[in-house]
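The account begins with the overall fold and then turns to individual parts.

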Amino acid sequence: MPPVQTSYPGRPAAAYEGMAADQNPATILSRTVETPEGIGFGRAAFQGTRDDGIAASGAVFRGIVLADRNARPNPNGTDLFAKGETAPVMVSGAVWVVTASAASAGNPAYVTAAGAITAAASGNTPIPNALFDTSAPTGGLVRLRLN
């Protein structure tokens, strides 16, 4: 088995995609991944075909997939839950995500058809009662609050 990680930073990152942003009460559900390619940490989860299933795209937003450092390493080196695995999905609380557009604190959040979180309303679906807690440029980490 090849080494999983061969170098370590002097300091850990302040936050990473899919990390719970605080210790305030949150609602986190366990759901089974149905998407063949899996669903990455910090990505949107949509209702799957089964009651307890989630998919990487869809019409009904269910929450954000939380990171899990105990998840099995992916052969591609990406952080994700593979099809059939149980993923933690935050439905209320605060979580770090990568924004697909520049985001400002207090602005409403939207989700694209591909599952990216964005501040751009045009052509995207609003996430009910979701606001950005912090600001970031396109591709930056931003704290998303799901209410």
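The model shown is a predicted one. Strand β1 and strand β4, which covers residues 53–55, are joined by two bridges and run parallel. Within this pairing, Val33 stands opposite Ile54 of β4. Strand β1 itself covers residues 27–33, and six bridges join it to strand β7, residues 86–98, in an antiparallel arrangement. Here Leu29 is the residue that faces Val89 of β7. Strand β1 therefore has a parallel partner in β4 and an antiparallel partner in β7, since two strands pair if at least two bridges are found between them.

Is Thr32 buried or exposed? Its relative accessibility is 16%, so Thr32 counts as buried, the limit for that class being under 20%. Once neighbours within four places in sequence are set aside, Thr32 is in contact with Arg50, Asp52, Gly53, Ile54, Gly84, Glu85 and Thr86.

The wider architecture can now be described. The secondary structure of the protein consists of eleven strands and zero helices. Read from the N terminus, the order of elements is accordingly β-β-β-β-β-β-β-β-β-β-β. Of the contacts between residues at least 6 apart in sequence, 58% join residues that are at least 24 apart.

What are the overall dimensions of the protein? The C-alpha trace spans about 45 × 40 × 30 Å along its principal axes. Buried residues account for 41% of the 147 residues.

Attention may next be given to the pockets. The largest pocket has a volume of about 300 Å³. Its lining comprises 15 residues, and those nearest its centre are Val4, Arg72, Pro73, Asn74 and Gly77. Which classes of residue make up the lining of the largest pocket? Eight of the lining residues are nonpolar, three are polar and four are charged.

Val4, one of the residues nearest the pocket centre, is located in the segment before β1. It has a relative accessible area of 64% and is therefore exposed, as values over 50% are classed in that way. Val4 and Ala14 are ten residues apart in sequence, and 22 Å separates them in space, from C-alpha to C-alpha.

Two further residues lie towards the other end of the numbering. Gly123 has its place in the loop between β9 (117–118) and β10. With a relative accessible area of 79%, Gly123 is exposed. Its C-alpha atom is 28 Å from that of Leu29, a residue 94 positions away along the chain.

Asn129 lies in strand β10, which covers residues 125–132. At 57% relative accessibility, this asparagine counts as exposed. Asn129, although it is not a glycine, has a positive phi of about 60°.

Note on methods. Residues numbered from 1 in each chain as written. Predicted model: local features only at pLDDT ≥ 70, side-chain atom pairs only at ≥ 80, totals over all residues. Heavy atoms only, no water. 1 Å grid on protein atoms, 1.4 Å probe; cavity = no way out; pocket = protein on both sides within 12 Å on 5 of 7 lines; lining within 4 Å. Points joined across faces, edges and corners; volume = space filled by probe spheres on them. Nonpolar A, V, L, I, M, F, W, Y, C, P; charged D, E, K, R; others polar. Helix = DSSP H or I, 4+ residues; strand = E, 2+ residues; numbered from the N terminus. Buried < 20%, exposed > 50% of the residue type's maximum accessible area, 1.4 Å probe, protein only. Contact = heavy atoms within 4.5 Å.
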